[in-house]
Amino acid sequence: MPTYKIALNFEDGVTRFIDCKDSETVADAAYRQKINVPIDCRDGACGACKSSCESGQFDMGSNYIDDALTEEELQQGFVLTCQMRPKSDLVIGIPASSAVCKSAQTSLSTTIQDVRLVSDSTIALTVAGDDIAKLSFLPGQYANLQVPGTDAHRAYSFSSMPKDNAVSFLIRNVPGGLMSSYLTGSAKPGDTLVMNGPKGSFYLRDIVRPVLMLAGGTGLAPFTAMLDKIAAAGGSPFPVHLIYGVNTDTDLVDIDKLQAFAQAMPNFSYALVVVDANSAQPKKGYVTNHLEAGQLHDGEVDIYLCGPPPMVEAVNQYLRDQGVKPVSFHYEKFAASA
């Protein structure tokens with residue numbers, strides 16, 4: 001059975017080598033050799049493992065969906081490590097640091113400290129546990145929470161950094177959804193929730209230039225965690241601007257937190273954008289309607305985007321139309337799970 005040498009080039013400049021059989025995926029080979037490359041579903045559905053192939057031959061198969069990897073992205077050299085099988089030695093660029101990929105994922109039992117419906121569309125959840133302080137995650141990453149009484153899991157971004165052995169989430173309220181029904185129906189403080197994580201390659205990198213954050217709906221969650229981290233470090237030496245878009249005024253949550261961050265950090269600013277034409281907010285429409293040239297800094301900017309797939313595609317198209325190529329563009333697109 002042929003075995004190939006795979007070079008994994010991480011974004012912090014570190015390269016690690018693994019052996020990969022032609023019958024196994026690159027992600028499986030990496031995990032077998034204790035390198036935790038970004039991955040979640042393993043089914044070619046989420047895109048969490050999207051990387052770039054810099055050289056070599058491989059078979060991507062056909063068991064993945066367009067939302068995870070488009071034909072255009074494949075032609076540009078992007079791959080899904082959970083699906084690709086080598087046909088030669090490979091060099092693969094992994095969009096995460098080597099330190100993150102060596103961090104073991106943890107399964108721990110937590111207790112619900114607080115659960116509230118903060119808007120018709122959003123649930124705020126705080127869980128606590130003695131081991132949370134030991135949970136090593138970067139702001140922007142997410143965890144899988146097990147729906148009590150089932151084997152099902154749902155992925156949610158941390159909306160805060162650990163504090164007093166507790167951590168928080170902002171969760172979209174999906175009518176009839178398995179987790180949503182539990183959280184809005186029977187969940188109460190003291191209930192047990194099993195958490196597995198951290199996961200994902202969407203996280204705050206070192207701030208070395210202006211930062212533009214784009215949040216859609218509960219995609220705000222990873223950004224409040226990032227802002228927690230920035231504030232704890234004494235603020236940012238470069239401008240950090242957040243544009244937070246929702247459908248209606250009632251969908252706006254955690255505005256008090258954003259205001260507190262703005263007061264504490266002179267280099268942080270934010271704008272609220274609401275789709276509803278009858279909104280009381282001055283900025284109406286979509287996030288892309290309110291992107292300004294000054295916020296893009298002629299491409300000398302790091303962009304972070306978290307929102308539903310149509311928003312991610314709209315921002316990508318906007319940048320192409322403007323001819324702007326940011327120094328780095330990190331995004332997490334999510335879809336509601338029933």
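Which residue in β2 does K5 stand opposite? In this predicted model, K5 faces D19. The two belong to a pair of neighbouring strands, β1 (residues 3-10) and β2 (residues 15-21), which run antiparallel and are joined over 7 bridges. Between these two strands the hairpin has 4 residues, and G13 takes a positive phi near 90° there. On to the other pairing of β1: strand β7 (residues 90-94) pairs with β1 in the parallel sense, over 5 bridges. Here L8 stands opposite I92 in β7.

These pairings are part of something wider. An open sheet of 5 strands can be read off in the order β2-β1-β7-β3-β5, and its pairing is mixed. At the edges stand β2 and β5 (78-80); each has a single partner strand, so one side of each is left without a neighbour in the sheet. On average, neighbouring strands of this sheet are turned by 40° against each other, direction ignored. As for how β5 is held, strand β3 (residues 50-55) pairs with β5 in the antiparallel sense over 3 bridges.

Next come the aromatic rings. A pair of such rings is described by how far apart the centres are and by the angle of the planes. The structure holds 6 aromatic pairs. One of them is formed by F202 and Y304, and this pair is edge-to-face, with 6.1 Å centre to centre and 75° between the planes. F202 sits in the loop between β13 and β14 (211-216), while Y304 is in strand β17 (residues 302-307), so the pair ties together parts that are 102 residues apart in sequence.

That leaves the open space in the model. Rolling a probe the size of a water molecule over the atoms shows where empty space is left. The second largest pocket has a volume of about 550 Å³. Its lining consists of 23 residues, and those nearest the centre are G216, G217, G245, N247 and P308. Both β15 (240-246) and α8 (309-322) supply at least two residues each to the lining of this second largest pocket. The biggest share comes from α8, which gives 4 residues to the lining. Sorted by class, the lining of the second largest pocket has 12 nonpolar, 9 polar and 2 charged residues.

Note on methods. Residues are numbered from 1 along each chain as its sequence is written. This is a predicted model: local features need pLDDT of at least 70, side-chain atom pairs count only at pLDDT 80 or more; totals for chains, interfaces and linings use all residues. Side-chain values use heavy atoms; hydrogens and water are left out. Two strands pair if DSSP finds at least two bridges between them. On a 1 Å grid over the protein atoms alone, a cavity is a set of points where a 1.4 Å probe fits but cannot get out, and a pocket is an open set with protein on both sides within 12 Å along at least five of seven lines; lining residues have an atom within 4 Å of a point. Grid points are joined across faces, edges and corners, and a volume is the space filled by probe spheres set on the points. Ala, Val, Leu, Ile, Met, Phe, Trp, Tyr, Cys and Pro count as nonpolar, Asp, Glu, Lys and Arg as charged, and the others, Gly among them, as polar. Axes are lines fitted to C-alpha atoms, for helices over the stretch in contact, and angles run from 0 to 180 degrees between N-to-C directions. Rings of Phe, Tyr and Trp (its six-membered ring) pair if their centres lie within 6.5 Å; planes under 30 degrees apart count as stacked, over 60 as edge-to-face and the rest as tilted.
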